[in-house]
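Please open the model in a viewer and keep the selection panel at hand.

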Amino acid sequence: MANNTDITPIGLLTGKVVFITGASRGIGAAAAQLFAREGAAVVLASRSADALQRIVAAIRADGGVADAVTVDLADRASIRDAVDRIEALHGRLDGAFNNGAAIQQPGPLDTTSDDDIEEQFAVNFRAQWYAMNLEAALMRRGGGGAIVNNSSIGSRRANPELPAYGAMKRALNSITETAAVTWGRQGIRVNGITPGGTATEMIDTWEAASSGVTERIRALSPLNRMASPREVAEVAGWLLSDRASIVNGAIVPVDGGAGA
Ligand SMILES: NC(=O)c1ccc[n+]([C@@H]2O[C@H](COP(=O)([O-])OP(=O)(O)OC[C@H]3O[C@@H](n4cnc5c(N)ncnc54)[C@H](OP(=O)(O)O)[C@@H]3O)[C@@H](O)[C@H]2O)c1
């Protein structure tokens, strides 16, 4: 079965300003490129300034509008600075894809380190909490917007190999639903996606620590393959678009049926 490749843009996000965290590689980089091709002015964030600049240059060379801002999601001040920068650049924010996250050192509950637990809390949960509030404040000033939080299939079940990661992703689902209910009347929709195995460096890192995990993930998918980053980005792009105007508080599986 085809896993995407060259799909003609339809202007899904024309005229929108969209912020993307974790945009230096993987799903976030694919989202930045896709959203820009769909007409959005994108603002890319991560810690890797050089990688972001390369993606920004490619989008601009393609005729798109893109800027980069360096952010450490563990640092609340840098998230605030990033949202301030969006306001300085564009004066408003229509969409946010809170996608950046770290993987923990794979291993069971009893060997997960305090450092891992703290990083998972700060980067995979607190950062999204903080970012959502800042994003929503800017969106409110512009009359509304849409937020998509990138969770994981690992939020839906036990996680013997990534227990802190799974716990923070489940917590992220909770604040996604809460934000959707809290801000719906203000014209801000908030949804989550739960990707299954997606071919990125995050999976390479897991594979390096737990040999065979890629093959196990593939075998568990009814489509018998991993997702490409672009396929996951497509769902986030749709949720951010006006085509998803009645979708709010949903946690959408993007896993080829692996969680079914
Ligand atoms: N790949 C999968 O199979 C899979 C499955 C389910 C869910 N997901 C979720 O999908 C999202 C994207 O994952 P991916 O697979 O694309 O991972 P990836 O290739 O490892 O990319 C992670 C991104 O997050 C950024 N990031 C990590 N720590 C950061 C920090 N402290 N501050 C700022 N940025 C940080 C990284 O940028 P810098 O290093 O440049 O800062 C990078 O751009 C994550 O939320 C992940 O949990 C992935």
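**Helix pairs, sheet and ligand shell**

Helix H3 passes helix H4 in a right-handed crossing, a term that applies if the near helix is turned clockwise from the far one by less than a right angle. The model is predicted: local features need pLDDT of at least 70, side-chain atom pairs count only at pLDDT 80 or more, and totals for chains, interfaces and linings use all residues. Residues are numbered from 1 along each chain as its sequence is written.

Select H3 (residues 76-90) together with H4 (residues 114-141). Helices (H or I, at least four residues) and strands (E, at least two) are DSSP runs, numbered from the N terminus. The two helices pack at about 25°, with their axes 10 Å apart; axes are lines fitted to C-alpha atoms, for helices over the stretch in contact, and angles run from 0 to 180 degrees between N-to-C directions. H3 is therefore roughly parallel to H4 (angles under 35 degrees count as roughly parallel, over 145 as roughly antiparallel, 65 to 115 as roughly perpendicular and the rest as oblique). Arg76, Ile79, Arg80, Val83, Ile86 and Glu87 of H3 meet Ala127, Tyr130, Ala131, Leu134, Glu135 and Leu138 of H4, where contact requires C-beta atoms, placed from the backbone, within 7 Å.

Next, display the sheet. It is open and has 7 strands in the order E3-E2-E1-E4-E5-E6-E7, with parallel pairing; strands pair if DSSP finds at least two bridges between them. Strand E3 (65-70) and strand E7 (251-254) stand at the edges, each with a single partner strand, so one side of each has no neighbour in the sheet. The twist averages 20° from one strand to the next. H3 packs on this sheet, touching strands E1, E2 and E3.

Now select strand E5 (residues 145-150) and strand E6 (residues 188-195), which are joined by 6 bridges. Ile147 has Val190 in E6 as its bridge partner. Helix H5 (residues 163-183) lies across E5, E6 and E7, at about 160° to E6.

Move to helix H1 (residues 26-37) and helix H8 (residues 229-240), which pack at about 60° with axes 8 Å apart. That angle makes H1 oblique to H8. The crossing of H1 and H8 is right-handed.

Finally, which residues are closest to the ligand? Among the 30 that surround it, the closest are Gly22, Gly26, Arg47, Ser48 and Ala101 (near means a C-beta atom, placed from the backbone, within 6 Å). H1 and helix H6 (201-209) each supply at least two residues of this shell.

Notes
Contact = placed C-beta atoms within 7 Å.
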